[in-house]
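Thank you all for making the time this morning. I would like to take you through one structure, and I will start with the terms before I turn to the residues.

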Amino acid sequence: MGLGGCIILIAVGAILTFATDWDMQGVNLDLVGVIFMIVGLIGVATFSSIARRRRVVVPPTTQVVDEDRQRGGYQGY
């Protein structure tokens, strides 16, 4: 589940908890909404920790070539 899915879970959970007044027999929609929000927050935390590990910057291993020294001749000094 990506970051977008986690944000959708948080939004749906907030809607179920705070914006609805439906009554279903045997289902507490407020609790379901809170569970969705918690799962969404856990997903965001997990996604951000994994994304942080992917952003490790590796220095380039290629050799830098100075073209002025390769040409030789008059360098303007």
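Let me begin with exposure, where a residue is called buried under 20% relative accessible area, exposed over 50%, and partly exposed in between, with a 1.4 Å probe and protein chains only. Please keep in mind that this is a predicted model, in which local features need pLDDT of at least 70 and side-chain atom pairs count only at pLDDT 80 or more, while totals for chains, interfaces and linings use all residues. Residues are numbered from 1 along each chain as its sequence is written, and side-chain values use heavy atoms, with hydrogens and water left out.

The overall layout comes first. The protein has three helices and zero strands, so that its elements read α-α-α from the N terminus on; here helices (H or I, at least four residues) and strands (E, at least two) are DSSP runs, numbered from the N terminus. Of its 77 residues, 14% count as buried.

Now to helix 1. Its 17 residues should span 24 Å at 1.5 Å a residue, and its end C-alpha atoms are 23 Å apart, which agrees; the expected span is 1.5 Å times one less than the number of residues. The buried residues of this helix are Cys6, Gly13, Leu16 and Thr17. Seen down the axis of helix 1, they fall within an arc of 95°, so they line one face of the helix, the arc being that of the directions from the helix axis to the C-beta atoms. The face of helix 1 turned away from the buried side carries the exposed residues Ile8, Phe18 and Ala19.

Which residues does the side chain of threonine 17 reach by polar contacts? Threonine 17 counts as buried because its relative accessibility is 14%, and its side chain reaches the backbone oxygen of aspartate 30 at 3.4 Å.

Isoleucine 7, in helix 1, is partly exposed because its relative accessibility is 48%, and it lies 7.7 Å from valine 44, 37 residues apart in sequence. Isoleucine 42, in helix 2, counts as exposed because its relative accessibility is 52%, and it is 8.3 Å from cysteine 6, 36 residues apart in sequence.

Finally, leucine 31 belongs to helix 2, and it is partly exposed, with a relative accessible area of 48%.

Definitions and conventions. A polar contact is a pair of N or O atoms within 3.5 Å; within protein, one must be able to donate a hydrogen and the other to accept it, and residues adjacent in sequence count only if both atoms are side-chain atoms.
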